[in-house]
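Please look over the sequence and the model shown here before reading the notes on individual residues that follow.

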Amino acid sequence: MQKLCEGFKDNSINPFMIFNSNGSLEEYNQASEFLFNDILPKELYELAVSYASKNYGYTTHYFSLSCGKTNFYAILVGYEDDEHIGIELYKTLEIKKTSIKKENLQYVNIYSILEISKSTILNIEKTKISEQYDISIPEIKIDINNFMLILNSCFELFRDSDSLEIKTYIKVGEYLVLDNKKVNLIAINFISKDTHLLDAELVNKAVNKNFNIFFNDNSVSLELPMNL
């Protein structure tokens, strides 16, 4: 029975780890190893302590949490003595549609769409905007309506921000598989001084439109396919 329990824990897609009372990592599974690329174990220990129940036992908390490119919808925290505390993070599974309606695709300069969306959603006089654009990005073939829909939603997150930095570039070494074909990615990063929690509704909306979107403290990164 113990071996079976260990097998399920080690092969789970959900990161699981145990810390001692000093915050040192004592045990973790394989899923945690990937998570450590995006967040320090110390931060996860602090998360566990902050959500632990007042009395010994286990408690589950449901909320949206983003660590690098991985999103979680809940955590389980438990402890049975004062020496150790454990935490498990429940990963949000995202199913990406891989079919694209070719008839909806049009060539467009993404900077033109960015300018329209920015001017429509943001108060240009209130928000100080700085932009870094990769001028080597050519016109791309994309569903303009879907792109505008997601882009507007991204700008909505920063409507009340005093400043916003926008970086647009082609991602090197990363691609998306659509219709069994490797497609390069363009990233649009929105960076402000404000903290933005993961918006699960926006993530699902983006995924359904064949976009990726990631939340990291004070930034949001939108990835879109090119060369379709």
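## Ser 221

At 13% relative accessibility, Ser 221 is classed as buried, a term that stands for under 20% relative accessible area with a 1.4 Å probe and protein chains only. This is a predicted model, in which local features need pLDDT of at least 70 and side-chain atom pairs count only at pLDDT 80 or more, while totals for chains, interfaces and linings use all residues. Residues are numbered from 1 along each chain as its sequence is written, and side-chain values use heavy atoms, with hydrogens and water left out.

Ser 221 belongs to strand 12, residues 219-225, strands being DSSP runs of E with at least two residues, and helices runs of H or I with at least four, numbered from the N terminus. Its side chain makes a polar contact with that of Asn 189 at 2.7 Å; such a contact is a pair of N or O atoms within 3.5 Å, where within protein one must be able to donate a hydrogen and the other to accept it, and residues adjacent in sequence count only if both atoms are side-chain atoms.

## Thr 168

Thr 168, in strand 9 (residues 163-178), is buried with a relative accessible area of 2%. Leaving aside residues up to four places away in sequence, Thr 168 touches, among others, Ile 110, Tyr 111 and Leu 114, contact meaning heavy atoms within 4.5 Å.

## Helix 4

In helix 4, the buried residues include Ile 110, Tyr 111 and Leu 114.

Note on methods. Buried means under 20% relative accessible area, exposed over 50%, partly exposed in between (1.4 Å probe, protein chains only).
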